[in-house]
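User: I would like to go through the labels used for this model and see what each of them rests on. Could we take them one at a time?

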Amino acid sequence: AQVLDDDEREPLVQRATAHDDLAVRRRREAIRTLAELVHQTFTRSGDRVASRLRALAFSGQLSPGNRSVTFTALAAVLFSSAQPLQAVESSEFALNSLLDSGDPISAFHLDGSQEMLIAAHVAALDLRSAERVLESYAAGPFGTGGGRMALAMRARVRMQHGRVDDALV
């Protein structure tokens, strides 16, 4: 979708989403829409993107992992729209839906949802909850370490606490 030339992009999109089975084609279209909306969370945000993300989340076309990405992207939109409490709710829903799905969980989905949840808690000034999620994130899913951005997130939470020296360390 990020190919700049419209004449090149459209045949690539058609090839990526084409399939004889209508249900498969709809799922592929939903994933393409999700990719576009995630991109828009970094370039536009706002109510229109949030509405489209909500509609996509409840379309029934996404896997549990991609549904979690949708709610995480919605949280990012709410975060950037100065709605931190709603961002926390959306982030928590994204994380819980992943954990409760019964499907195998990838680090891509798990880390992104936890990172957004930590940021949303910090924005909502709920630092105790941010620290709780941060500890789980830093421990990783098996308690053996994880969280690709654990140090940066820990520094952010410590700075919000006013512990600048600890954050610098």
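User: Why is Ile31 called partly exposed?

Analyst: The relative accessible area of Ile31 is 40%, and because partly exposed covers the range between under 20% for buried and over 50% for exposed, Ile31 receives the intermediate label. This is a predicted model, and the values that follow are computed from it. Ile31 is found in helix α2, where, leaving aside residues up to four places away in sequence, Ile31 touches Leu62 and Asn66.

User: What makes Thr41 buried?

Analyst: Thr41 has a relative accessible area of 10%, and since buried means under 20%, Thr41 is classed as buried. The residue is found in helix α2, which covers residues 22-43. Not counting residues up to four places away in sequence, Thr41 touches Val49, Leu53, Ala73 and Val77.

User: How do you know that the side chain of Thr41 and the backbone of Val38 are in polar contact?

Analyst: A polar atom of the Thr41 side chain lies 2.5 Å from the backbone oxygen of Val38, which is to be set against a limit of 3.5 Å for a pair of N or O atoms. The distance of 2.5 Å is within that limit, so the pair is a polar contact.

User: What places Ser97 among the buried residues?

Analyst: Ser97, which lies in helix α5, has a relative accessibility of 18%, and because the buried class takes in values under 20%, Ser97 counts as buried.

User: Why does Gln86 count as partly exposed?

Analyst: Gln86 also belongs to helix α5, but its relative accessibility is 35%; as this value falls between the 20% and 50% cut-offs, Gln86 counts as partly exposed. From C-alpha to C-alpha, Gln86 and Phe42 are 18 Å apart in space, and they are 44 residues apart in sequence.

User: What makes Ala82 and Leu125 exposed?

Analyst: Exposed means over 50% relative accessible area, and Ala82 has 65%, while Leu125 has 61%, so each of them counts as exposed. Ala82 is found in the loop between α4 (64-80) and α5 (84-100), and Leu125 lies in the loop between α6 (107-123) and α7 (127-139). Phi of Ala82 is near 60°, a positive value in a residue other than glycine, and Leu125, likewise not a glycine, has a positive phi of about 60°.

User: How do you know that α7 and α8 are roughly antiparallel?

Analyst: The angle between α7 and helix α8 (residues 150-160) is about 165°, and their axes are 10 Å apart. Angles over 145 degrees count as roughly antiparallel, and α7 and α8 are therefore given that description. Their crossing is left-handed. On the α7 side the contact involves Leu127, Ala130, Glu131, Leu134, Glu135, Tyr137 and Ala138, which meet Ala150, Met153, Arg154, Val157 and Gln160 in α8. Sorted by class, the contact of α7 with α8 has 8 nonpolar, 1 polar and 3 charged residues.

User: Why is α6 described as roughly parallel to α8?

Analyst: α6 and α8 pack at an angle of about 10°, with 11 Å between their axes. Because angles under 35 degrees count as roughly parallel, α6 is called roughly parallel to α8. The contact is formed by Glu115, Ile118, Ala119 and Val122 of α6 together with Met153, Arg156, Val157 and Gln160 of α8. The residues in the contact of α6 with α8 divide into 5 nonpolar, 1 polar and 2 charged.

User: Which elements make up the protein, and what share of its residues count as buried?

Analyst: The protein has 9 helices and 0 strands, and of its 169 residues 38% count as buried, that is, they have under 20% relative accessible area. Taken along the principal axes, the C-alpha atoms fill a box of roughly 55 × 35 × 25 Å. Among contacts with a separation of 6 or more, 47% come from residues 24 or more positions apart.

Terms used:
Residues are numbered from 1 along each chain as its sequence is written. This is a predicted model: local features need pLDDT of at least 70, side-chain atom pairs count only at pLDDT 80 or more; totals for chains, interfaces and linings use all residues. Side-chain values use heavy atoms; hydrogens and water are left out. Helices (H or I, at least four residues) and strands (E, at least two) are DSSP runs, numbered from the N terminus. Buried means under 20% relative accessible area, exposed over 50%, partly exposed in between (1.4 Å probe, protein chains only). A polar contact is a pair of N or O atoms within 3.5 Å; within protein, one must be able to donate a hydrogen and the other to accept it, and residues adjacent in sequence count only if both atoms are side-chain atoms. Contact means heavy atoms within 4.5 Å. Axes are lines fitted to C-alpha atoms, for helices over the stretch in contact, and angles run from 0 to 180 degrees between N-to-C directions. Angles under 35 degrees count as roughly parallel, over 145 as roughly antiparallel, 65 to 115 as roughly perpendicular and the rest as oblique. A crossing is left-handed if the near helix is turned anticlockwise from the far one by less than a right angle, and right-handed if clockwise. Ala, Val, Leu, Ile, Met, Phe, Trp, Tyr, Cys and Pro count as nonpolar, Asp, Glu, Lys and Arg as charged, and the others, Gly among them, as polar.
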